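This report describes selected features of one protein structure, moving from charged pairs to strands and then to individual residues. Please keep the sequence and the three-dimensional view at hand while reading.

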Amino acid sequence: MSRIKQWKAQKLLKQYQQGNRNFIKIKLTQVNLQKVNLNGINLSESKLLKIDLQQAQLINANFTKANLYQVKLDQAQLVDANFFQGNLTETSWLKSDLTGANFSGALMNQAQLSEAVMIHCNLVKTQLKDSECLKTNLTGSSLTGAIFTDANCQEAILTKTVLTNANLVGINLKNAIVIRAYLHNSNLQQANLEGADLRFSDLRNADLTGANLSYANLENVNLTGANLTGANLSYANLTAAKLTSANLQQVILQETNLTGTNLLNANLDQADLSRAILTQAGLLFTNLTDANLTGADLTKANLIGADLSGTNLWQVSWQKTIMPNGKTTK
Amino acid sequence: MEKMGTHLVVDAWQAPAELLNDPEKIRAAMIDAIAAGEATLIDLCLHQFSPHGVTATATLAESHIAIHTWPEYGYFAADLFFCGQGKPVVAMEVLQKALQAKQVKMQQIERGFPRESIKQQLEASISL
């Protein structure tokens with residue numbers, strides 16, 4: 001097995017200019033390589049500690065299993081670069097172009113990725129704990145099984161991003177764009193999704209316990225079987241959403257728009273639905289025990305088989321509502 | 001034989017044309033099938049043909065799933081190659097259910113190469 005050799009930056013740049021691309025298992029520490037052109041370089045299994053590669057050209061570079069602890073790659077060009085199973089802890093990638101890059105199995109905890117372009121990246125089983133991803137564009141990327149806990153992703157773009165089975169506990173996705181994303185079986189406990197745009201996303205069986213979804217746009221989302229215990233959905237838009245068999249115990253749905261929402265078999269025990277709009281909502285066999293429906297609009301809602309024991313129904317609007325016994329109000 | 005994986009070659013028909021011409025429904029079906037088959041999705045690529053038909057390919061950590069649809073015949077062809085772990089038959093069952101095919105013909109092929117070739121390779125490396 002070959003040992004890692006200490007190299008000087010000048011030697012590397014000279015050999016690169018002569019056409020050498022293979023620099024496997026080399027060691028570089030605390031050098032300035034800003035704005036260098038190292039496209040296609042192979043630095044697999046290398047130790048590149050605290051290197052400054054800001055604005056560098058590293059298109060299609062190979063960093064497989066490399067250690068890039070505290071490396072700065074701000075505004076670098078890293079299209080299709082490979083960081084498979086690398087140590088990228090505390091790295092900085094502000095405004096860098098990482099389109100199509102592979103970070104599968106990499107450690108990226110506490111990485112700075114704000115405003116980075118990460119379209120169609122492979123982040124399968126990547127660890128991104130406590131990372132900063134403000135306005136990061138993750139469109140179409142795959143984060144299956146990734147650990148993205150306590151990351152700050154305000155205003156990030158996650159359109160069509162695959163987050164199946166991802167651990168997103170405590171993530172901050174305030175005002176993020178998460179349209180048509182796949183969040184099936186993901187763990188979003190205590191996540192902040194205030195004002196996020198989640199239209200048409202798949203959140204089946206997701207765990208949203210204690211999550212903040214106030215003012216979020218959840219139009220047409222699929223939350224079948226999801227756990228929303230104690231979540232805050234006040235002022236959210238849930239028009240035409242699917243909440244079949246969802247657990248909504250103690251959930252806050254104050255002034256929430258639930259027009260046409262399917263709540264078949266949902267558990268709304270002790271939920272706060274005060275002033276909620278439930279026009280044409282399907283509430284068949286829902287559990288509304290001890291729920292608060294003060295001032296809610298149940299026009300044309302269907303409550304067949306719903307359990308209204310202990311429910312606060314003060315000032316509810318009942319117009320053409322189908323009641324639990326099947327009779328329709330005027 | 002040195003087994004490398006299991007390949008399911010599937011013909012499915014009597015499926016609704018509108019489902020087979022809807023890339024988003026196919027995308028969702030693929031993702032559900034991958035989850036049910038206990039596989040890990042790396043990349044998913046879909047293409048809508050004109051005037052109709054969809055091709056979808058999923059790159060998996062365990063190999064791949066590909067599907068090609070002919071909505072005009074209510075038919076789709078799928079192949080699911082899983083090496084090592086994963087449950088391709090379960091994944092296919094999810095695909096069939098999601099795309100509502102009433103008829104399915106499934107062939108299971110064990111993929112790999114003759115053990116003899118490993119022996120020959122080892123002998124060649126020793127003689128070097």
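Predicted model: local features only at pLDDT ≥ 70, side-chain atom pairs only at ≥ 80, totals over all residues.

With which residue does A:D202 form a salt bridge, and how far apart are the closest N and O atoms? The partner of A:D202 is A:R204, and the closest N and O atoms of the pair are 2.7 Å apart.

## Salt bridges

Side chains of opposite charge can pair when their charged atoms come close. Over all chains, the structure holds twelve salt bridges.

A second pair in chain A consists of A:R199 and A:D197, whose closest N and O atoms are 2.6 Å apart. Here the two partners can be described separately. A:R199 has a relative accessibility of 29% and therefore counts as partly exposed. A:D197 has a relative accessibility of 15%, so A:D197 counts as buried; the cut-off for a buried residue is under 20%.

In chain B, the side chains of B:E2 and B:R115 meet in a salt bridge with an N to O distance of 2.9 Å. B:E2 belongs to strand β1 of chain B and B:R115 to helix α4 (residues 115–127) of chain B, so this pair ties together parts that are 113 residues apart in sequence. B:E2 counts as partly exposed because its relative accessibility is 26%, whereas B:R115, at 52%, counts as exposed. Salt bridges that share partners also join A:K160, A:R180, B:E24 and B:R27 into one network.

## Strands of chain A

Chain A contains an open sheet formed by three strands in the order β1-β2-β3, with parallel pairing. The edge strands are β1 (5–6) and β3 of chain A, each of which pairs on one side only.

How many bridges join strand β2 of chain A to β3(A)? Three bridges join strand β2 (residues 26–29) to β3(A), and the two strands run parallel. Within this pairing, A:T29 stands opposite A:L49 in β3(A).

## Strands of chain B

Strand β1 (residues 2–13) of chain B pairs with strand β6 (residues 103–113) of chain B in the antiparallel sense, over eleven bridges. As an example from this pairing, B:L8 has B:Q108 in β6(B) as its bridge partner.

β1(B) also pairs with strand β5 (residues 75–82) of chain B, in the antiparallel sense and over seven bridges. In this case B:T6 stands opposite B:F82 in β5(B).

## Buried residues and their contacts

A:S114 lies in the segment after β3 of chain A. Is A:S114 buried or exposed? A:S114 is buried, because its relative accessible area is 12%. A polar atom of its side chain lies 3.2 Å from the backbone nitrogen of A:L134. Leaving out residues up to four places away in sequence, A:S114 touches several residues, among them A:W93, A:L94, A:E132 and A:T136.

A:N137 is found in the segment after β3 of chain A, and with a relative accessible area of 18% A:N137 is buried. The side chain of A:N137 makes a polar contact with the side chain of A:T139 at 2.5 Å. Beyond its neighbours within four places in sequence, A:N137 is in contact with A:A116, A:V117, A:M118, A:I119 and A:I157. The C-alpha atoms of A:N137 and A:A216 are separated by 19 Å, and these residues are 79 residues apart along the chain.

In chain B, B:P71 is found in the loop between β4 (63–70) and β5. B:P71 is buried, with a relative accessible area of 7%. From C-alpha to C-alpha, B:P71 and B:H52 are 6.8 Å apart in space, and they are 19 residues apart in sequence. When residues up to four places away are not counted, the residues that B:P71 touches are B:A17, B:L20, B:N21, B:H52 and B:G53.

## A nonpolar surface patch

Which residues make the nonpolar surface patch of about 230 Å²? The patch is made by A:L264, A:F285 and A:I304. Of these, A:L264 lies in the segment after β3 (47–49) of chain A. A:L264 is partly exposed, with a relative accessible area of 30%.

Key:
Residues numbered from 1 in each chain as written. Chains lettered and ligands numbered in written order. Heavy atoms only, no water. Patch = residues over 30% accessible without salt bridge, like charges linked within 9 Å, V, L, I, M, F, W, Y side chains within 5 Å. Areas by Shrake-Rupley, 256 points an atom, 1.4 Å probe, with all protein chains shown as cover. Salt bridge = Lys/Arg side-chain N within 4 Å of Asp/Glu carboxyl O. Helix = DSSP H or I, 4+ residues; strand = E, 2+ residues; numbered from the N terminus. Buried < 20%, exposed > 50% of the residue type's maximum accessible area, 1.4 Å probe, protein only. Pairing = 2+ DSSP bridges. Polar contact = N/O pair within 3.5 Å; in protein donor to acceptor, adjacent residues only side chain to side chain. Contact = heavy atoms within 4.5 Å.
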